[in-house]
Amino acid sequence: MNQRFSFGSSGNVKPEPLGAAAAVSTNAAGKPEDVTAAPPLFTLGALSLLEKDWRNMEWREDVRQTLTESIRSFKPASETVTEARVLLVGPVGAGKSSFISSVQSVFSGRVINRAMVGSSSSASFTKKLRSYNIRGAGETADEPTALVLCDVMGVGEGESTGLTLHDALSVVKGHAPEGHQFSPEQSIGAETVGFVRKPSINDKVHCVVFVIDGSKVSSYAKSFGATFQQLREHISNLGVHQVALLTHVDQVCNSTKNDISKVYKSRAIQQAMAKAAELLGMATSYIVPVKNYSSELDLDENTDILLLKAVDHILQYVNLYFQDSSD
């Protein structure tokens, strides 16, 4: 019986022991790191700003342009791979599909919804494995970037819904065919239509991104964190680096809601980041905040910069995968 992700009640399924307590942090490759327990989150909407940014960030149009060109010209550090496959994993409603659409919006020059997004926070709208090659706009529309963002079913609240550990690892290993529909009754296996028996490095996932809702991070059950740390351990054993996105930062405090460039001055977001790090067993240096486009009709320069910095962060660990593979 396949273990299913669950973060409501613990159910009858117990996560496998990870060999370390949940308070132990590991790096993107799963190596242990010291981490202090996250202090309680500030009340949502608190107007608490630090005098100095806790991360360096520049909010200018030339920065936006430089990041855009850097990502557009990115090539995997491998002679045999033409595309960087990045898998997004996270709870239902955390913003995985919205992130894909938001990144595509930046490169399209207008807000679009390329990856369809649902409105329910309890049931996953995404049911199939979908890979989205990020493309440019205008003259570069037919010249896709080397970035492919993979969307899968979200983590559910019970054992009868959501992505299984087995299926998640099958995607990472490259066995899952494009368009595969995830089913609680039928896990990915040799009998699956289109099953990739001998996946090449081009079929595999080169980086896994955990997507955590910053406005809900303090309410996730401990069993949810244990399950994600178990998944991280399995992924690390495959040699795949992991990072994380903290989404919905505009809903964490009023300061960032009114001005997203205050994201690294916000004490509330700093605390939400620490809480996410504790939840995932991951140092905060691997986690970046983002604001996805949701109700907007027009692009915003600062929102674009935050999204592009997140993609740039991801691609650094993509290349680490190829560097590790060549050693």
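Predicted model: local features only at pLDDT ≥ 70, side-chain atom pairs only at ≥ 80, totals over all residues.
Beyond its neighbours within four places in sequence, Phe210 is in contact with Val89, Phe228, Leu231, Arg232, Ile235, Gln242, Val243, Ala244, Leu245, Leu280 and Met282.

## Six-stranded sheet

Six strands form an open sheet in the order E4-E5-E3-E6-E7-E8, and their pairing is mixed. From one strand to the next, the twist averages 25 degrees.

Strand E3 (residues 84-89) pairs with strand E5 (residues 147-151) in the parallel sense, over five bridges. Leu88 has Asp151 in E5 as its bridge partner.

## Helix H2 against the sheet

Helix H2 (residues 96-108) packs on the sheet, where it touches E3, E4, E5, strand E6 (207-213) and strand E7 (242-247). The direction of H2 makes about 155 degrees with that of E5.

H2 contains 13 residues and spans 18 Å from its first C-alpha to its last, close to the 18 Å expected at 1.5 Å a residue. Because 13 of the 13 residues of H2 are buried, the helix is largely enclosed by the rest of the structure. Just after H2, Gly109 adopts a positive phi of about 80 degrees.

Conventions. Residues numbered from 1 in each chain as written. Heavy atoms only, no water. Contact = heavy atoms within 4.5 Å. Pairing = 2+ DSSP bridges. Helix = DSSP H or I, 4+ residues; strand = E, 2+ residues; numbered from the N terminus. Axes fitted to C-alpha atoms, helices over the stretch in contact; angles between N-to-C directions. Expected span 1.5 Å × (residues − 1). Buried < 20%, exposed > 50% of the residue type's maximum accessible area, 1.4 Å probe, protein only.
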